[in-house]
Amino acid sequence: MPKIADKLKRVKDSIAAACSRAGREPSEIKLVVVTKSAEIAGIEEVIRLGCTDLGENRVQQLKKVAAQVDEFLAKAPANSNLPKKINWHMIGHLQRNKVRQLLPIVSMIHSIDTLRLAEEINSEAALLKISPPVLLQVNTSMEMQKFGIPVGAAIHLSEQIATLANLKLSGIMTMAPLTRDTSIIRQCFVRAKELFAEIKGEGIAGSQFNELSMGMSSDYEIAVEEGATILRIGSAIFTG
Ligand SMILES: *Cc1c(COP(=O)(O)O)cnc(C)c1O
């Protein structure tokens, strides 16, 4: 099996190639390394290789791994080139009763799909005197997904979320279905891009509304071609 460093390089090379096909710059795109399938040694390795944004889809796992990573960074010698801090991204379905423990450690929440969840995050954030960036998770593949707000309801929800003072509505997130049919995947990403442009164009969310989080191991090149600004990639780096 190839080493993590080689797989990471392969992913970055493919991102660069997709960027040049689309007339984009790799610097426009943030890579969130999804660690749910990784061991701590592998996570330490991607950090040594310069990755500063990591993602998990479960709160318990995010807390556990973030603590392990903190310990790793605290033990590193002062002259190491390791980052001081990792940005943690919550990318999976979030239950309201987990918000309080998540907020102090997370940099961005990608999975807002109800007003009640947004309101819960807003009131907990107010207590902590923070305004975390959040993304609206949109279901762009209709019946094929369990989570995410339907495209047709997303404008209204974004208007409601934009009124919450302790949230920074910063963009939208979507997942394409697992299929070999790349035209279906591309359609989902195009829908997300159009919705993103509409919310931005109507000025609903403010100037921080800049992120389009889409693209995983099996489809990130298509996502780059369709305008993704954040990729969430796990297995292409840690397995296979
Ligand atoms: C697991 C996961 C990813 C990464 O998936 P890979 O196929 O391992 O790259 C991205 N986004 C979400 C929401 C996930 O749960």
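Which residues does serine 141 touch, not counting residues up to four places away in sequence? Serine 141 touches Pro177, Cys188 and Arg191, where contact means heavy atoms within 4.5 Å. This is a predicted model, in which local features need pLDDT of at least 70, side-chain atom pairs count only at pLDDT 80 or more, and totals for chains, interfaces and linings use all residues. Residues are numbered from 1 along each chain as its sequence is written, and side-chain values use heavy atoms, with hydrogens and water left out.

**Two serines**
- Serine 141 sits in the loop between β5 (133-139) and β6 (149-150); strands are DSSP runs of E, at least two residues, and helices are runs of H or I, at least four, numbered from the N terminus.
- Serine 141 counts as buried because its relative accessibility is 5%; buried means under 20% relative accessible area, exposed over 50%, partly exposed in between (1.4 Å probe, protein chains only).
- Serine 213, in strand β8 (residues 211-213), is buried at 0% relative accessible area.
- Among the contacts of serine 213 are His110, Leu135 and Arg232.

**Helix α7 (residues 182-201)**
- Buried residues of α7 include Ile185, Cys188, Phe189 and Leu195.
- The buried residues of α7 line one face of the helix, because they fall within an arc of 120° seen down its axis; the arc is that of the directions from the helix axis to the C-beta atoms.
- Exposed Glu194 and Gly201 are on the face of α7 turned away from its buried side.
- Covering the buried residues of α7 are elements including β5, β7 (168-174) and β8.

**Helix α2 (residues 40-48)**
- Gly42, Ile43, Glu44, Val46 and Ile47 are buried in α2.
- Glycine 50, with a positive phi near 105°, follows α2.
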